[in-house]
Amino acid sequence: MHIEKGQVAVITGGASGIGYGLAEALAERDVRLVLSDIRADGLVSAEAMLRDRGAQVLAVKADVGVEDSVRLLAERTLDAYGRVDIVCNNAGVVCPAAPMWEQDAATWQRMISVKLLGVIHGVKAFAPLLIARGSGHILNTASSGGLAPLPGRTPYTGTMHAVVGLTETLDAELKQVSAELGATVLCPGLVDTALGANSAALGAIRADANTGRSMRDFAPPEAILSPRQVAEEAIAAIEAGRVHSAPGRGVVERAQARGEALLRDITAD
Ligand SMILES: NC(=O)c1ccc[n+]([C@@H]2O[C@H](COP(=O)([O-])OP(=O)(O)OC[C@H]3O[C@@H](n4cnc5c(N)ncnc54)[C@H](O)[C@@H]3O)[C@@H](O)[C@H]2O)c1
(Lines give C-alpha, C1' and ligand atoms only; values in the text may rest on other atoms or scores of the structure.)
Protein backbone atom coordinates (compact mmCIF):
# COMPACT_ATOMS: atom_id res chain seq x y z
CA MET A 1 0.00 0.00 0.00
CA HIS A 2 1.33 3.41 -0.93
CA ILE A 3 1.11 5.91 1.94
CA GLU A 4 0.08 9.36 0.75
CA LYS A 5 -1.41 12.72 1.61
CA GLY A 6 -5.01 12.74 2.77
CA GLN A 7 -5.07 9.22 4.16
CA VAL A 8 -6.16 8.65 7.78
CA ALA A 9 -4.19 6.60 10.31
CA VAL A 10 -5.32 5.44 13.75
CA ILE A 11 -2.56 4.69 16.25
CA THR A 12 -3.19 3.05 19.63
CA GLY A 13 -0.56 3.57 22.30
CA GLY A 14 0.22 6.74 20.35
CA ALA A 15 1.14 8.97 23.28
CA SER A 16 4.65 7.55 23.58
CA GLY A 17 7.46 5.54 22.03
CA ILE A 18 6.87 3.56 18.83
CA GLY A 19 3.28 4.81 18.50
CA TYR A 20 4.40 8.41 18.73
CA GLY A 21 7.22 7.66 16.24
CA LEU A 22 4.62 6.26 13.82
CA ALA A 23 2.51 9.39 14.31
CA GLU A 24 5.45 11.68 13.50
CA ALA A 25 6.49 9.65 10.46
CA LEU A 26 2.94 9.45 9.06
CA ALA A 27 2.24 13.15 9.75
CA GLU A 28 5.36 14.04 7.75
CA ARG A 29 3.72 12.22 4.83
CA ASP A 30 0.61 14.42 5.32
CA VAL A 31 -1.43 11.54 6.72
CA ARG A 32 -4.19 12.72 9.09
CA LEU A 33 -4.03 11.14 12.54
CA VAL A 34 -6.22 9.70 15.23
CA LEU A 35 -3.91 9.39 18.20
CA SER A 36 -5.21 7.13 20.95
CA ASP A 37 -3.91 6.06 24.34
CA ILE A 38 -5.16 5.03 27.77
CA ARG A 39 -3.06 7.75 29.50
CA ALA A 40 -4.91 11.05 29.12
CA ASP A 41 -1.94 13.17 30.29
CA GLY A 42 0.46 11.60 27.79
CA LEU A 43 -2.13 11.96 25.06
CA VAL A 44 -2.59 15.70 25.66
CA SER A 45 1.14 16.44 25.42
CA ALA A 46 1.69 14.15 22.41
CA GLU A 47 -1.23 15.79 20.59
CA ALA A 48 0.22 19.26 21.32
CA MET A 49 3.70 18.25 20.08
CA LEU A 50 2.29 16.84 16.85
CA ARG A 51 0.13 19.95 16.26
CA ASP A 52 3.24 22.10 16.76
CA ARG A 53 4.85 20.13 13.94
CA GLY A 54 1.87 20.89 11.68
CA ALA A 55 0.05 17.56 11.98
CA GLN A 56 -3.72 17.22 11.70
CA VAL A 57 -4.54 15.14 14.76
CA LEU A 58 -7.55 14.05 16.78
CA ALA A 59 -6.75 12.64 20.23
CA VAL A 60 -9.09 9.97 21.61
CA LYS A 61 -8.63 8.30 24.97
CA ALA A 62 -9.32 4.57 24.66
CA ASP A 63 -8.44 1.34 26.44
CA VAL A 64 -7.60 -1.31 23.82
CA GLY A 65 -8.47 -4.06 26.30
CA VAL A 66 -12.14 -2.98 26.27
CA GLU A 67 -14.04 -3.81 23.09
CA ASP A 68 -16.57 -0.97 23.44
CA SER A 69 -13.78 1.54 23.94
CA VAL A 70 -12.16 0.49 20.64
CA ARG A 71 -15.54 0.48 18.85
CA LEU A 72 -16.05 4.08 20.03
CA LEU A 73 -12.56 4.93 18.74
CA ALA A 74 -13.64 3.68 15.30
CA GLU A 75 -16.82 5.77 15.48
CA ARG A 76 -14.87 8.89 16.47
CA THR A 77 -12.50 8.27 13.54
CA LEU A 78 -15.34 8.07 11.02
CA ASP A 79 -17.10 11.09 12.55
CA ALA A 80 -13.94 13.17 12.27
CA TYR A 81 -12.57 12.12 8.90
CA GLY A 82 -15.16 9.87 7.18
CA ARG A 83 -12.49 7.29 6.32
CA VAL A 84 -9.63 5.23 7.68
CA ASP A 85 -6.69 3.80 5.73
CA ILE A 86 -4.04 2.63 8.21
CA VAL A 87 -4.71 1.05 11.61
CA CYS A 88 -1.75 0.68 13.99
CA ASN A 89 -2.66 -1.69 16.83
CA ASN A 90 0.39 -0.75 18.86
CA ALA A 91 -0.57 -0.21 22.53
CA GLY A 92 1.26 -2.38 24.99
CA VAL A 93 2.82 -2.94 28.38
CA VAL A 94 5.59 -5.23 29.51
CA CYS A 95 5.26 -7.92 32.19
CA PRO A 96 7.43 -8.63 35.25
CA ALA A 97 10.58 -10.70 34.69
CA ALA A 98 10.22 -14.22 36.12
CA PRO A 99 10.22 -17.81 34.88
CA MET A 100 6.88 -19.05 33.62
CA TRP A 101 6.06 -21.03 36.75
CA GLU A 102 6.32 -17.85 38.85
CA GLN A 103 4.17 -15.63 36.58
CA ASP A 104 0.76 -15.09 38.17
CA ALA A 105 -2.66 -15.33 36.53
CA ALA A 106 -3.27 -11.58 36.85
CA THR A 107 -0.16 -10.90 34.76
CA TRP A 108 -1.32 -13.34 32.07
CA GLN A 109 -4.78 -11.76 32.08
CA ARG A 110 -3.33 -8.24 31.69
CA MET A 111 -1.05 -9.25 28.83
CA ILE A 112 -3.83 -11.15 27.07
CA SER A 113 -6.16 -8.18 27.56
CA VAL A 114 -3.78 -5.46 26.30
CA LYS A 115 -1.43 -7.22 23.89
CA LEU A 116 -3.74 -9.86 22.39
CA LEU A 117 -7.36 -8.75 22.83
CA GLY A 118 -6.19 -5.18 22.18
CA VAL A 119 -5.16 -6.24 18.67
CA ILE A 120 -8.26 -8.39 18.21
CA HIS A 121 -10.56 -5.50 19.19
CA GLY A 122 -8.71 -3.23 16.75
CA VAL A 123 -9.17 -5.68 13.90
CA LYS A 124 -12.87 -6.27 14.74
CA ALA A 125 -13.63 -2.54 14.88
CA PHE A 126 -11.58 -1.33 11.91
CA ALA A 127 -11.21 -4.18 9.36
CA PRO A 128 -14.85 -3.83 8.20
CA LEU A 129 -14.19 -0.12 7.55
CA LEU A 130 -11.12 -0.91 5.41
CA ILE A 131 -13.06 -3.62 3.59
CA ALA A 132 -15.93 -1.18 2.89
CA ARG A 133 -13.42 1.27 1.36
CA GLY A 134 -11.77 -1.53 -0.62
CA SER A 135 -8.25 -0.66 0.53
CA GLY A 136 -6.17 -0.20 3.65
CA HIS A 137 -3.61 -1.76 5.92
CA ILE A 138 -3.42 -3.03 9.51
CA LEU A 139 -0.09 -2.81 11.37
CA ASN A 140 0.07 -4.91 14.54
CA THR A 141 2.99 -4.28 16.89
CA ALA A 142 4.38 -7.50 18.38
CA SER A 143 8.06 -7.87 19.27
CA SER A 144 11.19 -9.86 18.48
CA GLY A 145 9.84 -11.86 21.44
CA GLY A 146 7.10 -13.02 19.04
CA LEU A 147 9.68 -14.56 16.70
CA ALA A 148 11.99 -16.31 19.15
CA PRO A 149 12.19 -17.27 22.83
CA LEU A 150 12.77 -14.50 25.40
CA PRO A 151 13.39 -16.25 28.75
CA GLY A 152 11.77 -14.56 31.74
CA ARG A 153 8.83 -13.02 29.85
CA THR A 154 6.43 -15.82 28.85
CA PRO A 155 3.25 -13.69 29.20
CA TYR A 156 4.89 -11.20 26.83
CA THR A 157 6.29 -13.75 24.36
CA GLY A 158 3.15 -15.90 24.44
CA THR A 159 0.92 -13.01 23.45
CA MET A 160 3.45 -11.67 20.92
CA HIS A 161 3.72 -15.08 19.21
CA ALA A 162 -0.08 -15.04 19.01
CA VAL A 163 -0.01 -11.59 17.39
CA VAL A 164 2.54 -12.80 14.81
CA GLY A 165 0.40 -15.84 13.99
CA LEU A 166 -2.91 -14.01 13.84
CA THR A 167 -1.43 -11.27 11.64
CA GLU A 168 -0.12 -13.81 9.09
CA THR A 169 -3.60 -15.33 8.90
CA LEU A 170 -5.33 -11.92 8.91
CA ASP A 171 -3.21 -10.84 5.94
CA ALA A 172 -4.26 -13.97 4.02
CA GLU A 173 -7.93 -13.34 4.88
CA LEU A 174 -7.76 -9.68 3.83
CA LYS A 175 -6.02 -10.64 0.55
CA GLN A 176 -8.90 -13.03 -0.17
CA VAL A 177 -11.20 -9.98 -0.06
CA SER A 178 -8.99 -7.62 -2.06
CA ALA A 179 -5.37 -7.33 -3.18
CA GLU A 180 -5.55 -3.72 -1.91
CA LEU A 181 -5.90 -4.90 1.70
CA GLY A 182 -3.20 -6.31 3.95
CA ALA A 183 -1.62 -6.67 7.36
CA THR A 184 1.91 -6.39 8.72
CA VAL A 185 3.32 -7.47 12.07
CA LEU A 186 6.07 -5.31 13.54
CA CYS A 187 8.62 -7.30 15.60
CA PRO A 188 11.34 -4.92 16.77
CA GLY A 189 14.28 -5.65 19.03
CA LEU A 190 15.20 -3.14 21.74
CA VAL A 191 13.70 0.32 21.21
CA ASP A 192 14.50 3.39 23.31
CA THR A 193 11.05 4.13 24.79
CA ALA A 194 9.45 4.69 28.19
CA LEU A 195 7.86 1.21 28.09
CA GLY A 196 9.10 0.39 31.63
CA ALA A 197 7.95 3.67 33.19
CA ASN A 198 4.59 3.60 31.40
CA SER A 199 4.04 -0.07 32.31
CA ALA A 200 4.76 0.80 35.96
CA ALA A 201 2.40 3.80 35.83
CA LEU A 202 -0.32 1.48 34.49
CA GLY A 203 0.34 -1.14 37.20
CA ALA A 204 1.70 -3.82 34.85
CA ILE A 205 5.07 -4.00 36.64
CA ARG A 206 6.35 -2.74 39.98
CA ALA A 207 8.43 0.45 39.81
CA ASP A 208 12.04 0.03 40.97
CA ALA A 209 15.32 1.94 40.77
CA ASN A 210 15.64 1.13 37.03
CA THR A 211 12.12 2.11 36.02
CA GLY A 212 12.77 5.64 34.79
CA ARG A 213 16.12 4.85 33.15
CA SER A 214 16.75 4.80 29.43
CA MET A 215 17.26 1.44 27.69
CA ARG A 216 20.55 2.97 26.54
CA ASP A 217 21.79 2.47 30.13
CA PHE A 218 21.47 -1.31 29.74
CA ALA A 219 22.68 -2.07 26.22
CA PRO A 220 25.22 -0.65 23.78
CA PRO A 221 23.80 2.24 21.71
CA GLU A 222 24.14 0.33 18.43
CA ALA A 223 21.83 -2.39 19.83
CA ILE A 224 18.98 0.05 20.44
CA LEU A 225 16.71 1.64 17.85
CA SER A 226 14.93 4.95 18.17
CA PRO A 227 11.12 4.89 17.88
CA ARG A 228 11.39 6.90 14.69
CA GLN A 229 13.76 4.35 13.09
CA VAL A 230 11.26 1.59 13.92
CA ALA A 231 8.40 3.66 12.47
CA GLU A 232 10.29 4.19 9.21
CA GLU A 233 11.00 0.43 8.96
CA ALA A 234 7.33 -0.35 9.57
CA ILE A 235 6.20 2.12 6.91
CA ALA A 236 8.69 0.64 4.43
CA ALA A 237 7.27 -2.83 5.13
CA ILE A 238 3.68 -1.62 4.64
CA GLU A 239 4.61 0.05 1.35
CA ALA A 240 6.44 -3.08 0.17
CA GLY A 241 3.44 -5.27 1.12
CA ARG A 242 5.54 -7.31 3.55
CA VAL A 243 3.77 -9.26 6.29
CA HIS A 244 6.75 -9.07 8.68
CA SER A 245 9.05 -6.28 9.79
CA ALA A 246 11.77 -7.12 12.30
CA PRO A 247 14.16 -4.21 12.79
CA GLY A 248 16.91 -4.36 15.39
CA ARG A 249 20.30 -5.92 15.97
CA GLY A 250 20.27 -9.70 16.31
CA VAL A 251 16.54 -10.11 15.62
CA VAL A 252 16.96 -11.82 12.25
CA GLU A 253 19.58 -14.20 13.66
CA ARG A 254 17.32 -15.17 16.59
CA ALA A 255 14.34 -15.72 14.28
CA GLN A 256 16.52 -17.74 11.91
CA ALA A 257 17.78 -19.96 14.75
CA ARG A 258 14.21 -20.62 15.86
CA GLY A 259 13.05 -21.36 12.30
CA GLU A 260 15.92 -23.77 11.71
CA ALA A 261 15.37 -25.55 15.04
CA LEU A 262 11.66 -25.86 14.26
CA LEU A 263 12.33 -27.35 10.82
CA ARG A 264 14.98 -29.69 12.22
CA ASP A 265 12.52 -30.99 14.83
CA ILE A 266 9.49 -31.45 12.61
CA THR A 267 11.36 -32.97 9.68
CA ALA A 268 12.82 -35.57 12.09
CA ASP A 269 9.31 -37.04 12.66
N1 LIG B 1 10.44 -0.73 23.60
C2 LIG B 1 10.82 -1.90 23.12
O3 LIG B 1 12.02 -2.30 23.25
C4 LIG B 1 9.83 -2.75 22.38
C5 LIG B 1 10.36 -3.84 21.64
C6 LIG B 1 9.45 -4.64 20.94
C7 LIG B 1 8.09 -4.40 21.00
N8 LIG B 1 7.61 -3.37 21.74
C9 LIG B 1 6.15 -3.17 21.75
O10 LIG B 1 5.89 -1.92 21.13
C11 LIG B 1 4.63 -1.42 21.59
C12 LIG B 1 4.80 0.04 21.99
O13 LIG B 1 5.65 0.07 23.13
P14 LIG B 1 6.72 1.21 23.39
O15 LIG B 1 8.02 0.56 23.60
O16 LIG B 1 6.56 2.28 22.39
O17 LIG B 1 6.23 1.67 24.85
P18 LIG B 1 5.53 3.02 25.35
O19 LIG B 1 5.22 2.79 26.78
O20 LIG B 1 6.40 4.17 25.00
O21 LIG B 1 4.21 3.09 24.47
C22 LIG B 1 3.12 2.23 24.72
C23 LIG B 1 1.87 3.07 24.90
O24 LIG B 1 0.75 2.18 25.03
C25 LIG B 1 -0.13 2.74 25.98
N26 LIG B 1 -1.03 1.71 26.54
C27 LIG B 1 -0.73 0.75 27.44
N28 LIG B 1 -1.82 0.03 27.73
C29 LIG B 1 -2.84 0.53 26.99
C30 LIG B 1 -4.20 0.21 26.85
N31 LIG B 1 -4.78 -0.78 27.55
N32 LIG B 1 -4.95 0.93 25.98
C33 LIG B 1 -4.40 1.94 25.26
N34 LIG B 1 -3.12 2.32 25.38
C35 LIG B 1 -2.34 1.62 26.23
C36 LIG B 1 0.77 3.36 27.03
O37 LIG B 1 0.10 4.34 27.78
C38 LIG B 1 1.90 3.94 26.17
O39 LIG B 1 1.69 5.30 25.84
C40 LIG B 1 4.21 -2.31 22.76
O41 LIG B 1 3.21 -3.17 22.31
C42 LIG B 1 5.48 -3.07 23.11
O43 LIG B 1 5.18 -4.32 23.64
C44 LIG B 1 8.45 -2.53 22.42
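Q: Which elements each supply at least two residues of the lining of the second largest pocket?

A: The model discussed here is predicted. As a general idea, rolling a probe the size of a water molecule over the atoms shows where empty space is left. In this structure, at least two lining residues of the second largest pocket come from each of strand S5 (136-141), H5 and strand S6 (181-186).

Q: Which of these elements gives the largest share of the lining of the second largest pocket?

A: Strand S6 does, with three residues.

Q: How much space lies in the second largest pocket, and which residues are the closest to its centre?

A: The second largest pocket holds about 170 Å³ of space. Its lining is made up of 16 residues, and those closest to the centre are Met1, His137, Ala179, Glu180 and Leu181.

Q: How do the residues of that lining divide into nonpolar, polar and charged?

A: The lining of the second largest pocket has five nonpolar, seven polar and four charged residues.

Q: Turning to the ligand, how many residues surround it, and which are the closest?

A: A residue is assigned to the surroundings of a molecule if one of its heavy atoms lies within 4 Å of it. Here the ligand is surrounded by 31 residues, and Ser16, Asp37, Arg39, Lys115 and Thr193 are the closest. By class, the shell contains 17 nonpolar, ten polar and four charged residues.

Q: How much of the accessible area of the ligand does the protein cover?

A: On its own, the ligand has 820 Å² of accessible area, of which the protein covers 97%. Two or more residues of the shell come from each of helix H1 (17-27), helix H4 (105-133), helix H5 (154-177) and helix H6 (195-201).

Q: How is a relative accessibility read, and is isoleucine 86 buried or exposed?

A: A residue is called buried when its relative accessible area is under 20%, and exposed when that area is over 50%. Isoleucine 86 is in strand S4 (residues 86-89), and it is buried because its relative accessibility is 0%. Leucine 33, in strand S2, likewise has 0% relative accessibility and therefore counts as buried.

Q: Is alanine 231 buried or exposed, and what separates its C-alpha atom from that of leucine 22?

A: Alanine 231 belongs to helix H7 (residues 227-240). Its relative accessibility is 0%, so it counts as buried. Alanine 231 and leucine 22 are 209 residues apart along the chain, and their C-alpha atoms are separated by 4.8 Å. For leucine 33 and alanine 98, which are 65 residues apart along the chain, the C-alpha separation is 37 Å.

Q: What is the relative accessible area of valine 66, and where is this residue found?

A: Valine 66 has a relative accessible area of 39% and is therefore partly exposed. This residue is found in the loop between strand S3 (57-61) and helix H3 (67-81).

Notes
Residues are numbered from 1 along each chain as its sequence is written. This is a predicted model: local features need pLDDT of at least 70, side-chain atom pairs count only at pLDDT 80 or more; totals for chains, interfaces and linings use all residues. Side-chain values use heavy atoms; hydrogens and water are left out. Accessible areas come from the Shrake-Rupley method with a 1.4 Å probe; for residues, only the protein chains shown count as cover. Helices (H or I, at least four residues) and strands (E, at least two) are DSSP runs, numbered from the N terminus. Ala, Val, Leu, Ile, Met, Phe, Trp, Tyr, Cys and Pro count as nonpolar, Asp, Glu, Lys and Arg as charged, and the others, Gly among them, as polar. On a 1 Å grid over the protein atoms alone, a cavity is a set of points where a 1.4 Å probe fits but cannot get out, and a pocket is an open set with protein on both sides within 12 Å along at least five of seven lines; lining residues have an atom within 4 Å of a point. Grid points are joined across faces, edges and corners, and a volume is the space filled by probe spheres set on the points. Buried means under 20% relative accessible area, exposed over 50%, partly exposed in between (1.4 Å probe, protein chains only).
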